[in-house]
Amino acid sequence: SLFMNKHKLPAVSVASSSLCKRPASHQPPTISDLYLAAQSKPEACIRYAQKMLQVQSTVTLHATGNQIARCCEIAAKIQTIHAGNVRLLPVTGTVDVVDDMIAADPLADPTVQGRKISAIHITIEKLK
């Protein structure tokens, strides 16, 4: 549902080390970019996007992993609020992220592990 609370997952133990997930890196945001995180409040995201659409022609919502469904719901809610006077242009893909493997032995060198996660970028375009 649109207003579900998401909780951060704890570090995962892998054998004799623990996995510490780094946030995904991205380009420096512009004023029309809105990156969703687990702590992002849907109501605030909708209000921000509406304010940006009053002064600009586009706003882009960005999300990765488990925030993708919420991003789609927020975009659909904005489209409903604007009574079809906006167009949604979704682009899906993957993003490279890096995880730190922290060994239980304090003398061992920490290692890193790369992986890919799903991402979505939804451009909300105001129709003339």
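Student: How many of the seven residues of strand β4 (residues 58–64) are buried?

Tutor: Five of the seven are buried, so strand β4 is largely enclosed by the rest of the structure. Buried means under 20% relative accessible area, exposed means over 50%, and partly exposed lies in between (1.4 Å probe, protein chains only). This is a predicted model, in which local features need pLDDT of at least 70 and side-chain atom pairs count only at pLDDT 80 or more, while totals for chains, interfaces and linings use all residues. Residues are numbered from 1 along each chain as its sequence is written, and side-chain values use heavy atoms, with hydrogens and water left out.

Student: How many helices and strands are there in the chain?

Tutor: Helices (H or I, at least four residues) and strands (E, at least two) are DSSP runs, numbered from the N terminus. The chain has two helices and six strands. Read from the N terminus on, the elements follow the order β-β-β-α-β-α-β-β. Of the 128 residues in the chain, 29% are buried.

Student: Which strands are joined to β4 by bridges?

Tutor: Two strands pair if DSSP finds at least two bridges between them. Strand β3 (residues 33–35) runs parallel to β4, and three bridges join them; here Y35 stands opposite H62 in β4. Strand β6 (residues 111–126) runs antiparallel to β4, with seven bridges between the two. In that pairing, T58 stands opposite E125 in β6.

Student: Which elements make a right-handed β-α-β unit?

Tutor: A crossover is right-handed if, with the strands pointing away from the viewer, the path from the first strand over the helix to the second runs clockwise. In this structure such a unit is made by β3, helix α1 (residues 42–55) and β4.

Student: What span should the 14 residues of α2 have?

Tutor: The expected span of a helix is 1.5 Å times one less than its number of residues. For α2 this gives 20 Å, and the end C-alpha atoms are 20 Å apart, which agrees.

Student: Which residues of α2 are buried?

Tutor: They are I68, R70, C71, I74, A75 and I78. Seen down the axis of α2, these buried residues fall within an arc of 165°, so they line one face of the helix. The arc is that of the directions from the helix axis to the C-beta atoms.

Student: Where is A83 found?

Tutor: A83 lies in the loop between α2 (68–81) and β5 (86–103). Its phi is near 50°, a positive value in a residue other than glycine. With 62% relative accessibility, A83 counts as exposed.

Student: How many disulfides does the structure hold?

Tutor: A disulfide is a pair of cysteine sulfur atoms within 2.5 Å. The structure holds zero. For C45, the closest cysteine sulfur is in C71 at 8.6 Å, too far for a bond. C71 is likewise in no disulfide, and its nearest cysteine sulfur, that of C72, is 5.8 Å away. C45 is buried at a relative accessible area of 6%, and C71 is buried at 0%.

Student: How far apart are K128 and V86 in sequence and in space?

Tutor: They are 42 residues apart in sequence and 8.8 Å apart in space, C-alpha to C-alpha. K128 is found in the segment after β6 and is exposed, with a relative accessible area of 94%. Contact means heavy atoms within 4.5 Å. Among contacts in the chain between residues at least 6 apart in sequence, 76% join residues at least 24 apart.
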